[in-house]
Amino acid sequence: MPAASDFPAAPPRDPTVPAVGRAWPVGVRPPVLRGWEPPASAYGRGHRGVDLAAPVGTPVRAVAAGRVSFAGRVAGKAVVSVELTGTGDPPLRTTYEPVRAMLKKGDEVEAGEVVGTVEATGSHCAGTCVHWGLRRGDTYLDPLSLLPPWLLHRGPSRLLPVLGVPLPS
């Protein structure tokens, strides 16, 4: 069983992003292949999201409730964007790519609802992955900030003794 120290530390929380996430976009706790690297300027180098390992065909889920604001192709990549409910003005918007949409613009989604599946083409990772982004207006933010600590740090299960039940011999 892995030790608690085997799990990576959480990134510092962005205080402007409420922890409204209730599900990872893929899997239960997918490997983060590349993390958030904010650019020094609007057009500077950086990584404006996180890359999560995911095989082709993996279901991609909305991390929080909202409305599909875009489902289509951008520069040849399949993209799904979801505007998150109750996150201010302008609202937060998550993006997932390369993801073949199962919904259309205007559809309401619940946290954990499948919005599409990972496509074989359009990934910028060495293998297949989902690039998960977050924006408020024109400002890119760290999407991991959407996830509450209990979802980010789900470590190994620990069994506790049950009082009044004899131990096996």
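Rings of Phe, Tyr and Trp, the last by its six-membered ring, count as a pair if their centres lie within 6.5 Å. By that rule there is one aromatic pair here. Please keep in mind that this is a predicted model.

Now the overall layout. The protein has eleven strands and one helix. Of the 169 residues, 36% count as buried. The exposed surface comes to about 9600 Å², and carbon and sulfur atoms supply 59% of that. On contacts, take the ones between residues at least 6 apart in sequence: 65% of these join residues at least 24 apart.

Next, some strand pairing. Strand β2, residues 50-53, pairs with strand β1, residues 32-34. That pairing is antiparallel and has two bridges. R34 has D51 in β2 as its bridge partner. Strand β2 is also joined to strand β10, residues 129-136, by four bridges, again in the antiparallel sense. So what is the bridge partner of A53 in β10? The partner is C129.

That cysteine brings me to the disulfide. How many does a search of the whole structure find? One. The link joins C125 to C129, with an S to S distance of 2.0 Å. The angle about the S-S bond is 75°, and the link is right-handed.

Are these two cysteines buried or exposed? The cut-off for buried is under 20% relative accessible area. C125 has a relative accessible area of 15%, so C125 is buried. C129 is at 1% relative accessibility, and therefore C129 counts as buried as well. To put C129 together: this residue is joined to C125 by the disulfide, and is the bridge partner of A53.

Last, the ring of Y140. Which residue has its charged end over that ring, 5.7 Å from the centre? That is R48. R135 also lies over the face of Y140, at 4.7 Å from the ring centre. For anyone looking at the structure, R48, R135 and Y140 can be viewed together.

To recap: one disulfide, between C125 and C129; strand β2 paired with β1 and joined to β10; and two arginines, R48 and R135, over the ring of Y140. As I said, the model is predicted.

How values were computed
Residues numbered from 1 in each chain as written. Predicted model: local features only at pLDDT ≥ 70, side-chain atom pairs only at ≥ 80, totals over all residues. Heavy atoms only, no water. Disulfide = S-S within 2.5 Å. Buried < 20%, exposed > 50% of the residue type's maximum accessible area, 1.4 Å probe, protein only. Phe/Tyr/Trp six-rings, centres within 6.5 Å; stacked < 30°, edge-to-face > 60°. Lys NZ or Arg CZ within 6 Å of the ring centre and 35° of its normal. Contact = heavy atoms within 4.5 Å. Areas by Shrake-Rupley, 256 points an atom, 1.4 Å probe, with all protein chains shown as cover. Pairing = 2+ DSSP bridges.
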